[in-house]
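Here is a short tour to read with the model open beside you. Take it a topic at a time, and look up each residue as you go.

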Amino acid sequence: MLPSPRRYVRSIVGGLTLFGIIYYVLATVPQTRGPAPHPSLERFMNEGPAPPIVFKKSSFDWSQVQHTYLPPDEVTPLPADQARALPSVQHIFGPEAPQAARVREKRRAAVRRVFHDDWHNYKKFAWKMDALNPKSGTAKNQFSGWMATLVDGLDALWMLGLKDEFEEALAVVAELDFGKSTDARVNIFETTIRYLGGILAAYDLSKREALLKKAVELGDMLYSAFDTKHLFPVDFMQFESGKLGKGLSLEAWVVSASPGTLSLEMTRLSQVTGDPKYYDVTNRLMELFRDQQNATRIPGLWPVWISLADRDTKSREEFTLGGSADSLYEYLPKMHALLGGGNPMYADMTKDFLAAAKKELFFRPMLPGGEDVLLSGNAKATASGETTFDPESEHLTCFIGGTVALAGKLLVSPEDVAVGGKLARGCAHVYHAFASGVMPERFNTVPCEPRLADTCPWDEKRWEEGIETRREYKDTLPKGFTTAKDPRYLLRPEAIESLFLLYRMTGDTEYQESAWKMFESIEKHSRTTHGHAAILDVVTVYDEGSRQQNLDDYMESFWFGETLKYFYLIFSPPDLITSPAKQTTPSSSTMALDKVLTPDFLKSVRDFWYEHLPSDDDLVIPGQVAHQRWYAGGAEFDKACLTQFEPALDAIQASGLDGAGLLRLARPTTPCSWLGLVLLLDQMPRNCYRGAAARVVFSVFDPLALAVAQAAVAAGVPHEAPEMRWQLAFRTWFYLPYEHTEDAAMHDECRRQCEGLARDVEALLAEEEEDEGADAYRRRAWRVVHRDPKAARALVQAQLDFARRHEDIIKQFGRYPHRNEALGRESTAEEKAFLEGGGDTFQSK
């Protein structure tokens, strides 16, 4: 069994808020006794009257310590050469049905009530202490006495719109004294993730200056932990010794997650202060991990135990993504995003660890229902090269579903998004499998053969054989499980974190339904006198009269800082804390884009697209010459598109905006400006980026084009505005973004829109005389279709056929096989046969 000290993973909402990947957008937040009186959460929380905050300096100034080894001779600056763009992370959500909204809001309110009530219990019984003991109504300090629960929950108070509670907590945090500690030794890992992460997350949301000042005070203390011979951090810093600046001694061995989970917070501190020293020390540390990543016993993964004293992150034999290693891996794709891709080592390390984890750690458990889900296990690799796999899983590993999917989005790997979904659903399945509805801390199952098998029928005999090897087996375990080695539930957030991320990345409401079942079970079985407590045994279901004996008298700070926050967010509107890949605050590229997407520019797009048409009649029924240029224009046409429109496309990529953000920026107000924007996003990229470069078409521009087309259709542009409705050379382009998506539901909508177009043409043909009272566009359309009914019907039929050809492929494969190479996806045997047999590629458009 691997050692597994409790590992706390800083929230992705807190963490991603830290570096601007997730940020706030307008949203109404319900209050405990009614809705907030403001339509904007940001405006409600950050504007209006607020009590004055008095910043109080800590009793010791860590910035004045004269270190022995710090600062280094050369300080690494923050990367300035950021990548052109990171792909959009968040799914483009459409309108929500009223009944679904009512259900969701009811659930969100339930989560908020629990948070509100438990926070007031913390205030009543444990205010200014690290943690609440919820059964006895007492308090404890365990993380230097700097009010871990209060600081860790600060950003959640903001997100939930609890303004009074936020202001009250902020006033206390502004007086925190980082010159004193209740512990002689300070845990650098816990201090970074709970305190520095919590303060910076709240600062990023509220922009309150006192928080930034406290973050700097704390950052300077944590900087002192790097005052060692190799400039690597100690795991625990003797608090008073650190003040002396005489140098610190590194421990012989530490778990890899401890030093591997400092980069996000320290880098964000450098970003918001402009002082690169915090980034410098963690960057040096992560370079050590990078240099030895592919020299370990399982190349791509790091062992649980490492020695910074000996500069050794490769020699030990135990590997896991669970306790003691987890957040080392979690931070890699987040650092890639935080730096805008500006430091390529984080993308490289992410890719390498994902490849190794899929090969050595991920497995499909054999389950009675045959559920196609994944879990993550452990491995031991000897010096001789023998690797032993252990199908032991734990709650801490449940972060990996969200992390793999996030990496898949950022690195444009749809396969990894799918793998992340299976991992997230795997953890949700474990919750639902136990009678309590709650997941144990650590458990075993029987892996399928092979471990990542496409099919895995239930085999009772294999399960019984698995049971025989596990002395911890109990008859009360659900079928499919061979142990619940640690039957506790410690109010952990990792599973709901992954469900929240997968919901926001895919829009699949299955994740919301699983989350609600989890919340109901956790709330029921952990509820106690003054809050919610860790559960000692989730395997056994206690009745209400005896349930309290199954609870430990402890409530972790991450109950507020992560667990309840994720439950709240998954039931919130998707524009509450959105997830574009880059910061949504206006950047230089966004501002430049604001100057690009003007009405005149969108007119130039239309003029270019239609300049070859000989007459206005060709806008009603475009002929063969028109289609030849659009669909088979060749290298010369591509070059013309590149010359005129690639700079605008580059600016759109660099902005990192999602569809809603782009629409707010472009503000199309006329039908023709809507058309220009659709053509720019849907068609120009197909002529500018071909071959391997087409990846950006499918991953960046197609989602944007679909969002704009959906908004246009919802506004009635293509079927109500006369200049669009009766000029098919305009109207049909609004439907192509629906064809280009791999979402089957969008293809249904595309077919309906095309059928509406066909009805309009038939209605014109059915009229024997021109309607003199109609608008000019309709009258010209009547004349053109009556001049050549055969051509009119042929165009409509071709449009319907084209839509059906796209839809048929999606129905057959669930995706477009011809895109696999560009997207780095592996083709199935059926897809290869389809392509080799001349299956549709639509000229790779």
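What follows is a predicted model, described from its overall build down to single residues.

Local features are given only where pLDDT is at least 70, and side-chain atom pairs count only at pLDDT 80 or more, while totals for chains, interfaces and linings use all residues. Residues are numbered from 1 along each chain as its sequence is written, and side-chain values use heavy atoms, with hydrogens and water left out.

**Overall build**

- The protein holds 38 helices and 18 strands; these are DSSP runs, numbered from the N terminus, with helices (H or I) of at least four residues and strands (E) of at least two.
- Along the principal axes, the C-alpha trace spans about 90 × 65 × 55 Å.
- Of the 845 residues, 61% are buried (buried means under 20% relative accessible area, exposed over 50%, and partly exposed in between, with a 1.4 Å probe and protein chains only).
- Among contacts with a separation of 6 or more, 74% join residues 24 or more positions apart; a contact means heavy atoms within 4.5 Å.

**Surface and charge**

- The protein exposes about 31700 Å², and carbon and sulfur atoms supply 50% of that area; accessible areas come from the Shrake-Rupley method with a 1.4 Å probe, and for residues only the protein chains shown count as cover.
- There are 96 positive and 118 negative charges, and their mean positions are 2 Å apart.
- In that count Lys and Arg are positive and Asp and Glu negative, with His and the chain ends not counted; each charge is placed at NZ of Lys, CZ of Arg, CG of Asp or CD of Glu.

**Strands S14, S15 and S16**

- Strand S15 (residues 442-445) pairs with S16 in the antiparallel sense over three bridges, where pairing requires that DSSP finds at least two bridges between the strands.
- Strand S14 (residues 392-394) also runs antiparallel to S15, again with three bridges.
- Asn-444 of S15 can be followed both ways: Glu-392 is its bridge partner, and Thr-483 in S16 stands opposite Asn-444.
- Another pair to look up is Arg-442 and Asp-486, the latter in S16, which stand opposite each other.
- In a regular strand the side chains alternate between the two faces of the sheet.
- In S15, Arg-442 and Asn-444 point one way while Phe-443 and Thr-445 point the other way, and all are buried.
- Strand S16 (residues 481-486) is mostly covered, with five of its six residues buried.

**Two cis peptide bonds**

- Leu-70 and Pro-71 are joined by a cis peptide bond with omega of about -10°, and Pro-71 lies in the loop between helix H2 (41-46) and helix H3 (98-126).
- Glu-449 and Pro-450 are also joined by a cis peptide bond, with omega of about -5°; Pro-450 lies in the loop between S15 and helix H17 (460-468).

- Met-147 is not a glycine, yet its phi is positive at about 65°. This residue sits in the loop between strand S4 (138-140) and helix H4 (148-152), and Met-147 counts as buried because its relative accessibility is 6%.
- Leu-231 likewise has a positive phi, near 65°. Its loop runs between helix H8 (209-224) and strand S6 (236-238), and Leu-231 is buried, with a relative accessible area of 11%.

- Phe-519 belongs to helix H19 (residues 510-526) and counts as buried because its relative accessibility is 5%.
- Leaving aside neighbours within four places in sequence, Phe-519 is in contact with Ala-110, Val-111, Val-114, Leu-564 and Phe-567.
- Phe-519 and Gly-274 are 245 residues apart in sequence and 41 Å apart in space, C-alpha to C-alpha.
- Thr-528 is in strand S17 (residues 527-528) and, at 9% relative accessibility, counts as buried.
- Not counting residues up to four places away in sequence, Thr-528 touches Pro-134, Lys-135, Ala-533, Gln-548 and Leu-551.
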